Amino acid sequence: MTISGEVLQKFVDIVGAEDCKSHDFELAAYSQAMIFTAPTRPEVVMLTESADEISEIIKIANEELLTVVCRAGGTAGPISMADGGIVLDLSKMNKVLVIDEESKMVTVQAGCRYYDVVQELHKHGYDLPLKPWFGNGVSIGGYINGPSMVGSRVARYGTLNFWLFGLRVVLPTGEIVATGANAFENCKPTMADPWMSANSLGKIWLQSVGTFGVVTEATILMVPKPEVVQPVCFGFDSMEALAQAASKVQLANAATDIEHEDKDIYDLLGMPVDYAVVLSVTNEGYAEEVACKSAIAAKICEEGGGHRLPDAYADLTYKNTANFNFCTAKGGLFCCAAACASNESYPAIYKAVKDTWAKYGIRNGWSCWTCYPNWVQGWTIGYYDYDTQMEAYNMAMFEIQKLTMPIKDSYPFTFEEPFENFVQKIKDCLDPNGIMNPNSWFMLSGAQSRLLEAIELPGAE
Ligand SMILES: Cc1cc2nc3c(=O)[nH]c(=O)nc-3n(C[C@H](O)[C@H](O)[C@H](O)COP(=O)(O)OP(=O)(O)OC[C@H]3O[C@@H](n4cnc5c(N)ncnc54)[C@H](O)[C@@H]3O)c2cc1C
């Protein structure tokens with residue numbers, strides 16, 4: 001235990017005894033997250049209620065050189081786990097603060113669950129643009145900071161990058177700053193002026209996994225609550241044919257969401273298909289618009305050699321939201337490998353993942369997903385031992401990163417030095433004592449590779 005009784009008392013004074021947890025049985029609750037890894041344990045967990053509380057805690061953490069890790073829904077796995085130091089549990093910061101119908105923006109506390117925000121917005125006829133993949137328990141702060149830039153509906157709305165219009169953040173030094181719509185009172189009219197609102201600057205917290213500070217509030221643009229949701233689903237004999245159809249659907253602007261599943265996932269769920277791959281196109285919006293776009297998508301798929309499947313096949317991945325859950329619930333261990341891809345490179349990346357995992361006897365599940373920009377995912381199904389799974393995952397990541405990113409052709413792989421150095425400089429300025437989430441480092445564009453750096457592969461040079 002490196003935290004003295006005196007320091008612990010200071011924490012109790014800030015958040016109250018009830019919300020300052022340091023007993024073994026309390027810490028055990030924070031020793032795991034949703035993706036399987038070896039358990040770790042923090043020294044103290046605090047449930048905070050305001051940016052001011054967090055600021056005071058972080059100032060003490062700097063004096064005492066204690067590490068600080070944010071914990072929201074825990075769905076991103078080990079990156080919200082801490083080995084020693086402080087965990088900040090943000091679940092009490094769960095209020096929808098302002099629904100501004102004039103500017104079409106909603107401001108929420110970072111600990112709000114995605115589901116609760118959407119429920120509240122639906123009462124007013126609005127919705128959030130993106131749907132996180134990992135279910136409704138995902139928090140807004142976790143979604144912004146985690147490796148979760150894409151989600152369902154991305155074919156229509158793009159990434160969160162386009163919809164995030166303001167942040168309030170406690171910096172790693174304890175100072176509180178605000179950007180975009182939150183920059184200062186009545187600042188929304190200046191939003192188009194990046195210098196006035198610093199909205200562009202706010203984007204550095206996207207995918208920063210809590211290494212650049214603690215996000216306490218976010219302002220996000222709202223979209224209308226959809227009147228109708230309509231999926232269409234087609235089986236294809238080859239990935240090449242599917243990718244061409246998906247690309248044409250994209251260009252025709254005929255989809256809110258485009259996803260692709262492997263035959264394996266349907267077999268596993270007892271809904272076997274006769275086709276190698278399945279394309280699900282979902283449209284949401286007003287009834288006439290949805291009917292028109294679904295008809296266009298269906299025509300493109302038919303002309304591209306697709307075979308119509310029951311809509312329920314598409315619902316499986318889309319309406320469910322927690323696509324991820326059926327991989328884990330039915331299939332045992334889960335992991336995914338992901339990379340951004342162009343329409344052209346999509347089939348090659350898909351093949352790299354599938355071929356690599358086949359060497360380990362691992363089947364693909366809901367293996368790839370098309371959107372804009374395309375984001376190819378591979379998910380495994382089956383009961384495999386953890387080491388086999390991690391090794392297979394590493395190998396798949398290596399293959400797909402080689403196809404998409406300027407990485408060195410050996411393990412453990414790293415990004416190009418100039419990029420690394422640049423981000424390190426930002427990190428050093430913001431977090432001079434390196435206290436924020438030191439186990440995760442930053443993830444800006446290569447979430448998984450950062451997690452993997454420490455893992456050595458057998459036979460790797
Ligand atoms: C490799 C990988 C790829 C993924 N890809 C996708 C994807 O493409 N699309 C998708 O929808 N989901 C994806 N996910 C899941 C997604 O990352 C999580 O569901 C999401 O981050 C939200 O998680 P959460 O609320 O459970 O937060 P947690 O899992 O608890 O936290 C996520 C990260 O954010 C930090 N954090 C949480 N709250 C704050 C805050 N307020 N301020 C600062 N830091 C904070 C945590 O310390 C942690 O590092 C992916 C996950 C992994 C591991």
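Predicted model: local features only at pLDDT ≥ 70, side-chain atom pairs only at ≥ 80, totals over all residues.
Axes here are lines fitted to C-alpha atoms, for helices over the stretch in contact, and the angles between their N-to-C directions run from 0 to 180 degrees.

**Helix pairs**

| Helix pair | Axes come within | Crossing angle |
|---|---|---|
| H1 (residues 5-15) and H3 (residues 51-64) | 10 Å | roughly 170° |
| H8 (residues 239-251) and H10 (residues 287-303) | 9 Å | roughly 150° |
| H8 and H13 (residues 346-359) | 9 Å | roughly 140° |

The axes of H1 and H3 cross at roughly 170°. Angles over 145 degrees count as roughly antiparallel, and H1 and H3 are therefore roughly antiparallel to each other. On the H1 side, the contact is formed by Val 7, Lys 10, Phe 11, Ile 14 and Val 15, which meet Glu 53, Glu 56, Ile 57, Ile 60 and Glu 64 of H3. By class, the residues of this contact of H1 with H3 comprise six nonpolar and four charged, with no polar ones.

Helix H8 takes part in two of the tabulated pairs, with H10 and with H13. For H8 and H10, the axes cross at roughly 150°, which makes H8 roughly antiparallel to H10. The crossing of H8 and H10 is right-handed. Here Ala 245, Lys 248 and Val 249 of H8 meet Ala 297, Ile 300 and Cys 301 of H10. The contact of H8 with H10 consists of five nonpolar residues and one charged residue, and no polar residue is included.

With H13, the axis of H8 crosses at roughly 140°, and this makes H8 oblique to H13. H8 passes H13 in a right-handed crossing. Met 239, Glu 240 and Ala 243 represent H8 in this contact, meeting Tyr 346, Pro 347 and Tyr 350 in H13. Five nonpolar residues and one charged residue make up the contact of H8 with H13, again without a polar residue.

**Ligand shell**

The ligand is surrounded by 36 residues, of which Gly 73, Gly 141, Gly 142, Gly 146 and Gly 210 are the closest. Two or more residues of the shell come from each of strand E3 (68-71), helix H5 (140-145), strand E10 (214-221) and helix H16 (447-452). H5 gives the largest share, four residues. In composition, the shell around the ligand has 19 nonpolar, 16 polar and one charged residues. Because domain 1 (5-89) and domain 2 (96-224) both contribute residues to this shell, the ligand lies between them.

Key:
Residues numbered from 1 in each chain as written. Parallel < 35°, antiparallel > 145°, perpendicular 65-115°, else oblique. Left-handed = near helix turned anticlockwise from the far one by under 90°. Contact = placed C-beta atoms within 7 Å. Nonpolar A, V, L, I, M, F, W, Y, C, P; charged D, E, K, R; others polar. Near = placed C-beta within 6 Å. Domains from an automatic or database assignment.
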